[in-house]
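Please look over the structure shown here and read the briefing that follows, which begins with lead sentences and then gives grouped points for a reader new to it.

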Amino acid sequence: CIFCINFFFTEPRFTFRVNGVDNVLMLILFLIVCFIAGTLMTKLQKHADEATENEKHARTLYQTSSGYLNISGMENILRYAVKALPEVQGREVIVYRAKNLSELDSPYYAEPESIAVSEALRNKEAPKWCLANLLPCGVGTSFFASTGWKYLPIKSKTKMLGVVGFFCGHRDIDEKEMVFVNALISQLALAIEKE
């Protein structure tokens, strides 16, 4: 825009030369205004994108929690979890219910069994470690980092309820997404505890 103003409107016209201090100051002022407007628009667009993402997460959390309210039976709750979590997270999920502090029940996962799920079923040490230590393990942690899965404990205030695994490949769940994942796991914990 500044080059167009210089070329078409300032003397001498149809050249990129600038005559006079007034024209130089005007072009510098236009440059400053353009820079400020561009910066403000970028920030505004970023805030709008974040608001859209937050709205989507809130809607998803509401739909997921509503789904848990309409389900009874532990097996139905866990089957709903392995169906709902991949839809909202875009990752394959495997859920283990805790028998006690050192044993896990049979895993629940979406049918048909994928290659990633087959790998998770072969590696039973990572979810057992997560259960025993009440800590996340897998991708992005110091324990079992090469598995391709991230295992997170499902716990209530008083007891350990199970372990949920998210297939990550080699890309960890980022911090912003982790807040959303923890909210989904909390909903699952409440549904299990209610049952």
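Strand 3 and strand 4 pair in the antiparallel sense over 2 bridges, where two strands count as paired if DSSP finds at least two bridges between them, and Cys-137 stands opposite Tyr-151 in strand 4. This is a predicted model, in which local features need pLDDT of at least 70 and side-chain atom pairs count only at pLDDT 80 or more, while totals for chains, interfaces and linings use all residues. Residues are numbered from 1 along each chain as its sequence is written, and side-chain values use heavy atoms, with hydrogens and water left out. Helices (H or I, at least four residues) and strands (E, at least two) are DSSP runs, numbered from the N terminus.

- The strands form an open sheet of 5 strands in the order 2-1-5-4-3, with antiparallel pairing, and its edge strands, each pairing on one side only, are strand 2 (108–109) and strand 3.
- Strand 4 and strand 5 run antiparallel and are joined by 7 bridges; they form a hairpin with 4 residues between them.
- Within this pairing, Tyr-151 has Gly-165 of strand 5 as its bridge partner, and Gly-165 is also the bridge partner of Ile-94.
- Strand 1 and strand 5 also run antiparallel, and 5 bridges join them.
- Strand 4 is mostly covered, since 6 of its 7 residues are buried, a word that here means under 20% relative accessible area, with exposed meaning over 50% and partly exposed lying in between (1.4 Å probe, protein chains only).

**Helix 6 and its place on the sheet**

- Helix 6 packs on the sheet and touches strand 1, strand 4 and strand 5, its direction making about 45° with that of strand 4; contact means heavy atoms within 4.5 Å, and axes are lines fitted to C-alpha atoms, for helices over the stretch in contact, with angles running from 0 to 180 degrees between N-to-C directions.
- With 20 residues, helix 6 reaches 29 Å from its first C-alpha to its last, close to the 28 Å expected at 1.5 Å a residue, the expected span being 1.5 Å times one less than the number of residues.
- Among the buried residues of helix 6 are Glu-177, Phe-180, Gln-187, Leu-188 and Ile-192.

**The nonpolar cores**

- The largest nonpolar core has 30 residues, and those with the most contacts inside it are Val-95, Ile-154, Val-164, Phe-166, Leu-188 and Ile-192; such a core is a set of buried Ala, Val, Leu, Ile, Met, Phe, Trp, Tyr and Cys residues joined through side-chain atoms within 4.5 Å.
- Two or more residues of this core come from each of helix 3 (74–89), strand 1 (93–97), strand 4 (149–155), strand 5 (160–167) and helix 6 (175–194), and helix 6 gives the most, with 9 residues.
- Leaving aside residues up to four places away in sequence, Ile-192 touches Met-74, Ile-77, Leu-78, Ile-154 and Leu-161.
- A second, separate core of 18 residues includes Tyr-96, Ala-98, Leu-104 and Trp-129.

**Aromatic pairs**

- The structure holds 8 aromatic pairs, where rings of Phe, Tyr and Trp (its six-membered ring) pair if their centres lie within 6.5 Å, and planes under 30 degrees apart count as stacked, over 60 as edge-to-face and the rest as tilted.
- Phe-7 and Phe-14 form an edge-to-face pair, at 6.0 Å centre to centre and 75° between the planes, and together with Phe-8 they form one aromatic cluster.
- Phe-7 is partly exposed, with a relative accessible area of 24%, whereas Phe-14 counts as exposed at 55% relative accessibility.
- Trp-129 and Phe-144 have ring centres 6.4 Å apart and planes at 65°, so this pair is edge-to-face; the pair links distant parts of the chain, with Trp-129 in helix 5 (residues 125–133) and Phe-144 in the loop between strand 3 (137–138) and strand 4, 15 residues apart.
- Phe-144 is partly exposed, with a relative accessible area of 29%.

**Backbone at two loop residues**

- Phe-14 lies in the loop between helix 1 (2–9) and helix 2 (21–69) and has a positive phi of about 65° although it is not a glycine.
- Phe-144, in the loop between strand 3 and strand 4, has a phi near 60°, a positive value in a residue other than glycine.
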